[in-house]
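Please follow this walk through the model below, taken from helix packing to local backbone details.

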Amino acid sequence: MRLTNDSVRVRVPATSANLGPGYDSMGMALAMYDQIDARAVAGPTRVTVKGQGEGQLPEGEEHLVVQALRVALEAVGAPQVGVHLNCVNTIPHGRGLGSSASAIVAGMLLARSFLAEPEVLDDQRILQLATQMEGHPDNVAPTIFGGATISWMADETACATRIPVANGLVTTAFVPGFRLATSKARKMLPAKVPHADAAFQAGRAALLVAALADRPELLCAATEDRLHQDYREPAMPASVGLVRWLRDEGYPAVVSGAGPTVLVLGRVTPGVRRQAREGRWDVHELKVDEEGAKTVGGTSSRDR
């Protein structure tokens, strides 16, 4: 397996998983991006980071984008090379906006872009490899495919499909200044839940598919959750409290992924934005990203 391009740029979106009732299965790509420029070199790997994670993330082989690049190249039998990465990050870390999935997919897309035969790392192969690294596909799938997705595991195989989203849907993300590790949030969930809650959740998840497509008036009902958000309240009381306040105001608000970001499937009034900012929430109005991860450009040594 040969390498061809030695200078590549990729762009990856933020994502929000669960969307309320779609625990570990539904996700959506959002128009907030990390951009990574990569160059293959003969020497050691070096990573520079600007924006989110600047001065905090590893600057060599331990960087998650590099680790994912290594996994993908090894999976297809391609040679390993040194890389220089320049990462410009806008996706907050540890906030429930899929930063780790974005980094993993970015590394694997870089690997594909370096290859003379990129088809050996098609989207399904990247979905499988990225899910193995991430542990679950709910953020990985929308990162790769864009839009809104449903993902699941068939034995050991990661699967995903896009679902329709109404044209013009805009989300509002309320991002706090504190972080929450996904591993900590998962430990707060019970091993068993009441049958009535499971039945409720299944109905709301099915309703959410219809509401996203063309029934926005159903989004408040469709985003109700009994499976994970309340159980996680002790770890992020401010986030769950904000969700309840927004829902009382008539907004379809959910905890984004494992939190602590709160996501509204729609716009909010200037008054709500002002009150949230006074409470030290950063407020971002984000379109649904329809493209997913993409290669922006690449050159080979013979092109220069």
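Helices α2 (residues 99–114) and α3 (residues 123–134) are oblique to each other, because their angle of about 140 degrees falls in neither the roughly parallel range (under 35 degrees), nor the roughly antiparallel one (over 145), nor the roughly perpendicular one (65 to 115), and the rest count as oblique. Their axes lie 10 Å apart. Axes here are lines fitted to C-alpha atoms, for helices over the stretch in contact, and angles run from 0 to 180 degrees between N-to-C directions. Helices (H or I, at least four residues) and strands (E, at least two) are DSSP runs, numbered from the N terminus.

The model is predicted: local features need pLDDT of at least 70 and side-chain atom pairs count only at pLDDT 80 or more, while totals for chains, interfaces and linings use all residues. Residues are numbered from 1 along each chain as its sequence is written, and side-chain values use heavy atoms, with hydrogens and water left out.

The crossing of α2 and α3 is right-handed; a crossing has that hand if the near helix is turned clockwise from the far one by less than a right angle, and is left-handed if anticlockwise. On the α2 side, Ser100, Ala101, Ile104, Val105, Met108, Leu109 and Arg112 take part in the contact (heavy atoms within 4.5 Å). Their partners in α3 are Asp123, Ile126, Leu129, Ala130, Met133 and Glu134. This contact of α2 with α3 comprises 9 nonpolar, 1 polar and 3 charged residues. In that count Ala, Val, Leu, Ile, Met, Phe, Trp, Tyr, Cys and Pro are nonpolar, Asp, Glu, Lys and Arg are charged, and the others, Gly among them, are polar.

Helix α1 (residues 64–75) packs against α2 at about 45 degrees, with the axes 7 Å apart. The pair α1 and α2 is therefore oblique, and the crossing is right-handed. Residues of α1 in this contact include Leu64, Val65 and Leu69, and those of α2 include Ala103, Gly107 and Phe114. By class, the contact of α1 with α2 has 14 nonpolar and 2 polar residues, and no charged ones.

The axes of α1 and α3 come within 11 Å and cross at roughly 130 degrees, which makes α1 oblique to α3. This crossing, too, is right-handed. Leu64, Gln67, Ala68, Val71, Ala72 and Ala75 of α1 meet Arg125, Leu129 and Met133 of α3. The contact of α1 with α3 has 7 nonpolar, 1 polar and 1 charged residues.

The record places "domain: GHMP kinase N-terminal" at residues 64–147, and UniProt annotations, given in the numbering used here with shortened feature names, may be inferred rather than shown by experiment. Over residues 64–147 the chain is 55% helix and 10% strand, with the end C-alpha atoms 24 Å apart. The record assigns "domain: GHMP kinase C-terminal" to residues 219–266. There the chain is 33% helix and 12% strand, and the end C-alpha atoms are 9 Å apart.

Side chains of opposite charge can pair when their charged atoms come close. The structure holds 14 salt bridges (a side-chain nitrogen of Lys or Arg within 4 Å of a carboxyl oxygen of Asp or Glu). One joins the side chains of Arg9 and Asp37, at 2.6 Å from N to O. Arg9 is in strand β1 (residues 5–18) and Asp37 in strand β2 (residues 22–41), so this pair, 28 residues apart, links distant parts of the chain.

Most residues other than glycine have a negative phi, and most peptide bonds are trans. Asn18, in strand β1, has a positive phi near 80 degrees. A cis peptide bond, with omega about 10 degrees, joins Gly259 and Pro260. Pro260 sits in the loop between β8 (253–255) and β9 (262–264).
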